[in-house]
Amino acid sequence: MNRTILRLSRQALLGRRRGIVLVLIPGVLLVLAVVVSALTSDPSVGYEAVANLGFTLALPLVTLLAATAVLGPEVDDGSIVYLLAKPVSRHVIALSKFVVAWAATMVFGALPLFAAGLVLDVGDPRRAAAWGVGAAVAGTAYTALFLGLAAFTRHAVVVGLLFALLWEGVLGSVLDGIRWVAIGAWGREVAAAISSAVPDQSMGLGYAVVAAVVVTVAALWFTGDRLRSFTLRGDE
Amino acid sequence: MSVITIDKASRWYGNVVAVNGISMTVRPGVTGLLGPNGAGKTTLIALMSGFLAPSAGTVTLDGHPIWRHTDAYRSIGLVPERELSFGYLTGRELVLANAELHGLVDPGAAAQRALDVVEMSEPAARRIGTYSKGMRQRVKLASALVHDPAVLLLDEPFNGVDPRQRLHLMSLLRRMGAEGRTVLFSSHILEEVEQVARQIEVVVSGRHAASGDFGQIRRLMTDRPVQYVVVGDDDRGLAAALIAEPSVLSVSLRPAGGVDVSVSDFGAFAVRLPQVAQQRGIRILELTPTDESLESVFSYLVGAGR
């Protein structure tokens with residue numbers, strides 16, 4: 001990893017308006033959890049709905065924002081050339097940017113899900129932890145995938161949204177087989193292995209973990225390779 | 001001492017050819033890459049700086065290919081035309097980050113030295129977002145110079161820079177060339193290039209149109225036929241008189257009045273035109289050069305290079 005890239009990426013992430021949205025999304029989730037918890041005395045009411053919302057919407061959104069913020073704008077406007085005109089391994093640059101986006105995903109994606117779980121049912125911390133760990137696993141794979149998208153296309157946000165909301169969200173809820181190639185489903189499988197209160201995805205913990213690791217490693221390698229072949233285009 | 005060698009390099013995007021079979025060698029000293037907008041200068045600099053793969057041919061730095069060889073950046077300093085988008089950093093933070101990325105032993109001292117060279121030490125504490133165009137250009141240059149590179153590539157470095165800063169940048173480039181660095185900069189303005197570069201490479205429409213020192217390039221440009229429109233009170237008589245002049249290549253009458261004249265020797269024509277008009281009793285009402293644009297100069301060079 002490269003400390004300078006880490007520092008610059010952190011500044012790029014938090015120094016823009018995206019930083020505010022990154023805080024806003026988990027904030028809304030937590031407020032929702034507090035409201036639901038205050039309005040109902042039965043912890044089972046609304047838990048699933050809030051957790052599902054956090055997992056299928058808030059987590060991918062936060063991850064997409066974080067991953068595209070550390071790389072997207074620099075690739076879009078070509079100013080990444082200032083970082084790339086250096087004798088630094090492109091895979092080190094990719095890994096450093098990943099670490100910053102991953103840390104943001106953990107803080108603004110996985111941790112709030114755990115906290116929301118506790119707010120909704122303080123008597124079942126295992127269930128909350130399950131959602132938190134599941135979100136951490138899915139968030140890790142999402143981060144690498146979205147970083148790869150940011151290195152690959154200028155439309156990373158749109159493609160990422162289509163993947164998370166249309167493919168995993170809408171189609172995933174209709175077509176059962178999509179769970180095998182849906183990062184969210186892998187995270188849920190990990191969560192189900194920790195707490196029986198989380199619905200099982202019936203794909204096996206081993207598959208879910210291996211799939212998440214493979215996607216993370218492959219996407220990171222791809223990001224580094226794309227940066228190595230970064231092309232500077234003139235305005236002419 | 002580093003040498004960039006471009007050997008029959010071409011680059012195309014689908015059906016569009018941006019660079020067409022160019023061969024040139026960029027040696028220590030200052031080289032000017034001259035050409036109109038859209039000529040392929042940025043593409044050539046991208047090829048030379050390893051940010052573009054040639055579709056055909058090779059681009060090497062001291063014999064080693066540059067594309068996908070990150071180690072080449074130990075000896076390359078690049079000042080792209082692209083604007084800096086690190087508005088949230090101060091000038092010093094940016095230059096320091098560049099020094100750190102190069103793995104320099106004392107990045108702080110190297111950053112200070114580079115800022116001193118471009119006379120940006122004082123505003124370096126301000127955010128880049130508050131800088132003028134010229135200041136941004138200088139901080140970009142400081143970032144490229146921070147590791148003391150043997151090769152310096154600059155894409156349109158004088159664009160948007162005020163005259164005083166332009167002179168400063170020019171003297172800086174001259175000094176770097178004199179120090180034995182291989183400096184190449186692009187521009188679409190001949191006067192700008194000839195003030196700094198001894199060696200000039202002219203590219204037009206992706207082709208290498210001319211190469212030489214500024215004297216040779218200037219002669220190529222001024223020796224070309226020049227077009228004028230001459231309007232007098234007897235256009236037909238004027239045309240008849242002018243075609244007899246050795247300095248005139250061709251004449252034709254314009255439907256709306258006036259005579260199109262193609263002149264091979266501008267100096268002789270300037271002397272003879274008033275004499276001929278006086279002898280024939282013709283009054284010259286208007287004399288207008290019609291193709292003084294840079295594009296026409298470049299078009300001529302391309303034709304001459306064929």
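This is a predicted model: local features need pLDDT of at least 70, side-chain atom pairs count only at pLDDT 80 or more; totals for chains, interfaces and linings use all residues.
Let me begin with one residue, B:Ala239, which, once its sequence neighbours up to four places away are left out, touches B:Val251, B:Leu253 and B:Val259.

B:Ala239 sits in helix H8 of chain B, and it counts as buried because it has 20 C-beta neighbours inside 10 Å, where 20 or more is what the term requires. The helix that carries it, H8 of chain B, covers residues 235-243 and lies across strand E11 (226-232), E12 and E13 of chain B, running at about 165° to E12(B).

Those strands belong to an open sheet of 4 strands in chain B, with the order E12-E13-E11-E14 and antiparallel pairing. At its edges are strand E12 (248-253) and strand E14 (284-289) of chain B, each of which pairs on one side only, and the neighbouring strands of this sheet are turned against each other by 20° on average, if direction is ignored.

Taking the pairs one at a time, E12(B) is joined by 5 bridges to strand E13 (residues 259-263) of chain B, and the two run antiparallel; B:Ser250, for example, stands opposite B:Ser262 in E13(B). Is E14(B) largely enclosed, or does it lie largely in the open? Of its 6 residues the number buried is 0, so E14(B) lies largely in the open.

Now let me step back to chain B as a whole. It has 10 helices and 14 strands, and its C-alpha trace spans about 80 × 45 × 35 Å along its principal axes. Of its 306 residues, 43% are buried, and among its contacts with a separation of 6 or more, 68% are between residues 24 or more positions apart.

The domain assignment of chain B gives domain 1 (4-221) and domain 2 (223-305), and the C-alpha centres of these two domains lie 41 Å apart. For a sense of distance between individual residues, B:Ala239 and B:Trp12 are 227 residues apart in sequence and 46 Å apart in space, taken from C-alpha to C-alpha.

Chain B also has a second sheet to look at, an open one of 4 strands in the order E2-E1-E4-E5, again with antiparallel pairing. Its edge strands are strand E2 (16-26) and strand E5 (64-65) of chain B, each pairing on one side only. Within this sheet, strand E1 (residues 4-13) and strand E4 (residues 56-61) of chain B are joined by 5 bridges and run antiparallel, and B:Asp7 stands opposite B:Thr58 in E4(B).

Next comes the place where the two chains meet. The contact takes 28 residues from chain B and 24 residues from chain A. On the side of chain B that touches chain A, the elements that give two or more residues are helix H1 (41-48), strand E6 (76-79) and helix H2 (91-101) of chain B, and by class that side has 13 nonpolar, 9 polar and 6 charged residues.

Helix H2 of chain B deserves a moment here: 10 of its 11 residues are buried, so it is largely enclosed by the rest of the structure. What do the buried residues of H2(B) pack against? They pack against helix H1 (3-14) and helix H4 (81-84) of chain A, together with helix H3 (107-117) and helix H4 (133-145) of chain B. Just after H2(B), B:Gly103 takes a positive phi of about 70°.

One of the buried residues of H2(B) is B:Val95, and this brings me to the largest nonpolar core, which has 151 residues. The members that touch the most others are A:Ala66, A:Trp131, A:Leu147, A:Trp186, B:Val95, B:Ala142 and B:Leu153. Apart from that core lies another, of 15 residues, among them B:Ala239, B:Val251, B:Phe269 and B:Ala277, and so we are back at B:Ala239, the buried residue of helix H8 with which I began.

Terms used
Residues are numbered from 1 along each chain as its sequence is written. Chains are lettered from A and ligands numbered from 1 in the order in which they are written. Two residues are in contact if their C-beta atoms, placed from the backbone, lie within 7 Å. Ala, Val, Leu, Ile, Met, Phe, Trp, Tyr, Cys and Pro count as nonpolar, Asp, Glu, Lys and Arg as charged, and the others, Gly among them, as polar. A nonpolar core is a set of buried Ala, Val, Leu, Ile, Met, Phe, Trp, Tyr and Cys residues joined through C-beta atoms within 7 Å. A residue is buried if 20 or more other C-beta atoms lie within 10 Å of its own, exposed if 12 or fewer, and partly exposed in between; C-beta atoms are placed from the backbone. Domain bounds come from an automatic or database domain assignment. Two strands pair if DSSP finds at least two bridges between them. Axes are lines fitted to C-alpha atoms, for helices over the stretch in contact, and angles run from 0 to 180 degrees between N-to-C directions.
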